[in-house]
Amino acid sequence: MASRAGGAPKRGDLTQGNIGPTLLKFALPTLASSILQSLNGTINSIWVGRLLGEGALAATSNANMVMFLLTAFVFGFGMASTILIGQYWGRKDVDEARRIFGTAMGAFTVVTILVGIAGYFLAGSILKLLGTPGDAAKLALDYLQVIFLAMPALLLLTLMMMALRGAGDSLTPLWFMIIAVVLDSGLNPFFIRGFGPIPAMGIAGSALSTLVGNYVSMIGLLIYIYARDLPLRLRGAELRYLLPKPAILKTIIVKGFPMGLQMVVISLSALALIGIVNSEGVDTTAAFGVAMQLWTYVQMPAMAIGAAVSAMSAQNIGARLWDRVGQITKSGIVLVLIITGALIVLLTLADRTVLALFMGSDSPALPIARHIHMLATWNFLLFGVTMVLFATVRANGAVWAPLIVLGIGLLPVRFGWIFATRDWLGADAIWLSFPVSSTANVAMAALYYWKGNWRKAQLRAEQVPSTDECIEHAEATREPGGALNPSG
């Protein structure tokens with residue numbers, strides 16, 4: 001049994017205090033990080049499109065598809081690590097939280113380096129497999145090879161940020177996300193066109209800005225963790241924790257795989273849907289593309305609050321505070337309905353103005369985009385509730401049920417509805433498939449939350465401590481080996 005360090009972390013302890021304000025305070029930096037990531041992608045696309053043209057933009061789209069698939073699985077493993085760290089953090093078992101962090105970092109440092117090297121040499125074959133158009137293939141290859149070199153930093157930075165959130169610190173990841181985004185977006189035009197001693201590198205320059213931004217941010221975060229003596233830092237004999245512990249690694253992989261697979265299921269559903277939308281004509285396709293741009297931001301509160309609920313629930317499950325877990329879920333649902341609802345109302349009141357930013361006020365696609373917005377955008381209220389329920393059950397290691405529910409809602413339910421009603425609803429069958437699938441998902445998620453056996457699921461390799469143990473750990477003296485109050 002790992003040694004347990006006592007003393008409740010002040011800012012990192014999510015097992016105490018008023019639930020609603022604590023949850024909101026923890027979620028806001030995560031929401032800001034998500035917004036920054038999306039803005040970074042938008043700004044970089046603008047730079048590439050304006051400076052290099054449509055062919056380069058198509059090339060980055062193909063390369064970004066590869067990036068998404070890789071980051072999806074790292075997200076899954078990172079989420080498993082976050083929950084695992086959160087549960088032990090709730091137990092006040094800092095040493096075991098460090099073991100988990102060490103295992104995750106040690107194992108995935110090796111994996112990401114191998115992925116980066118293999119991807120650099122196999123990039124051409126990967127693009128052929130994706131069917132990248134010939135006129136974009138060369139540009140995509142130049143871009144993707146550099147992106148693969150950036151992968152170790154990009155993926156490990158993501159892993160470290162998620163681990164810090166598991167330890168109750170959502171503010172530190174935000175600061176280093178800002179650094180990565182500012183460098184990536186800011187350096188893009190200079191590396192693409194060249195400036196002073198910097199040579200013009202074209203599309204490879206855009207990828208290089210991503211590489212620089214993420215390596216600088218990753219190294220900066222590591223330095224900061226040690227300079228501020230944040231709780232997850234490894235010193236002295238603790239450095240051996242970087243040698244992966246088989247039991248911990250097995251748990252991370254077994255529980256992380258389904259969570260990564262969920263991202264793939266969402267992606268596959270979206271790709272299949274785009275194929276159907278394309279058959280409706282160019283104006284409808286353009287309108288749907290703009291609607292999806294808006295939806296990227298509309299769904300962010302649900303994703304951020306879901307991540308906060310997951311981290312907070314994990315700590316409280318670790319501390320066996322089940323009453324608080326239920327209250328966290330309720331507070332998360334209330335917050336997501338209020339914030340997402342307010343955002344949808346604002347967008348609806350100003351939909352013409354907002355949508356015209358993407359396509360111009362006289363575009364024939366504008367009324368179609370407004371119609372799509374009216375029929376489909378409100379489904380993100382249901383989506384938000386589903387994310388909160390899933391976040392809670394995942395926090396105790398129940399990961400397969402959310403995957404199955406999403407798979408049913410996004411594939412047979414969504415496309416079954418479209419094919420069954422398209423003859424008499426036309427294109428509206430597509431837009432209405434969003435609330436239809438969301439209704440099915442939230443109903444199944446709620447049923448599993450209330451009636452499922454997720455409370456008996458087990459994420460940790462060791463048994464959950466008894467209530468007496470938790471009280472004993474909470475009252476123990478402060479760990480002498482490092483500060484337990486994360487900055488931020």
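This briefing walks through one protein chain, from its overall make-up to single residues.

The model is predicted, so local features need pLDDT of at least 70 and side-chain atom pairs count only at pLDDT 80 or more, while totals for chains, interfaces and linings use all residues. Residues are numbered from 1 along each chain as its sequence is written, and side-chain values use heavy atoms, with hydrogens and water left out. The protein chain has 16 helices and zero strands. Helices (H or I, at least four residues) and strands (E, at least two) are DSSP runs, numbered from the N terminus.

**The whole chain**

- Of the 488 residues in the protein chain, 53% are buried. Buried means under 20% relative accessible area, exposed means over 50%, and partly exposed lies in between (1.4 Å probe, protein chains only).
- The protein chain exposes about 20,400 Å², and carbon and sulfur atoms supply 69% of that area. Accessible areas come from the Shrake-Rupley method with a 1.4 Å probe; for residues, only the protein chains shown count as cover.
- Take the contacts in the protein chain with a separation of 6 or more: residues 24 or more positions apart account for 83% of them. Contact means heavy atoms within 4.5 Å.

**A buried alanine**

- Ala 304 lies in helix H9, which covers residues 300–318.
- Ala 304 counts as buried because its relative accessible area is 1%.
- Ala 304 and Leu 28 are 276 residues apart in sequence, yet their C-alpha atoms are 7.4 Å apart in space.
- Neighbours within four places in sequence aside, Ala 304 is in contact with Ala 27, Thr 30 and Leu 31.

**Salt bridges**

- A salt bridge is a side-chain nitrogen of Lys or Arg within 4 Å of a carboxyl oxygen of Asp or Glu. By this rule there are 10 salt bridges.
- Arg 99 forms a salt bridge with Asp 95, and the closest N and O atoms are 3.3 Å apart. Both Arg 99 and Asp 95 lie in helix H3, four residues apart, about one turn of the helix. Asp 95 counts as buried because its relative accessibility is 9%.
- Lys 245 and Glu 96 also meet in a salt bridge, at 3.9 Å from N to O. This pair links distant parts of the chain: Lys 245 is in the loop between helix H6 (203–227) and helix H7 (246–278), Glu 96 is in helix H3, and they are 149 residues apart. Lys 245 is partly exposed at 32% relative accessibility, whereas Glu 96 is buried at 3%.
- The side chains of Asp 229 and Arg 233 meet in a salt bridge at 2.6 Å, N to O. Salt bridges that share partners join Arg 98, Asp 229, Arg 233, Arg 235 and Glu 238 into one network. Arg 233 is buried, with a relative accessible area of 3%.

**Positive phi angles**

- Asp 229 is not a glycine, yet its phi is positive, at about 55°. Asp 229 lies in the loop between H6 and H7 and is partly exposed at 21% relative accessibility.
- Arg 320 has a positive phi near 60° and is also a residue other than glycine. Arg 320 lies in the loop between H9 and helix H10 (322–349), and it is partly exposed at 35% relative accessibility.

**Aromatic rings**

- Rings of Phe, Tyr and Trp (its six-membered ring) pair if their centres lie within 6.5 Å; planes under 30 degrees apart count as stacked, over 60 as edge-to-face and the rest as tilted. By this rule there are 13 aromatic pairs.
- Phe 190 and Phe 195 form an edge-to-face pair, 5.2 Å centre to centre with 70° between the planes. Phe 190 is partly exposed at 34% relative accessible area, whereas Phe 195 is exposed at 52%.
- Ring pairs link Phe 288, Trp 295, Phe 380, Phe 383, Trp 431 and Phe 434 into a cluster.
- Arg 414 lies over the face of Phe 434, 4.4 Å from the ring centre. A charge sits over a ring if NZ of Lys or CZ of Arg is within 6 Å of the ring centre and within 35 degrees of the ring normal.
- The charged end of Arg 455 sits over the ring of Tyr 449, at 5.4 Å from its centre.
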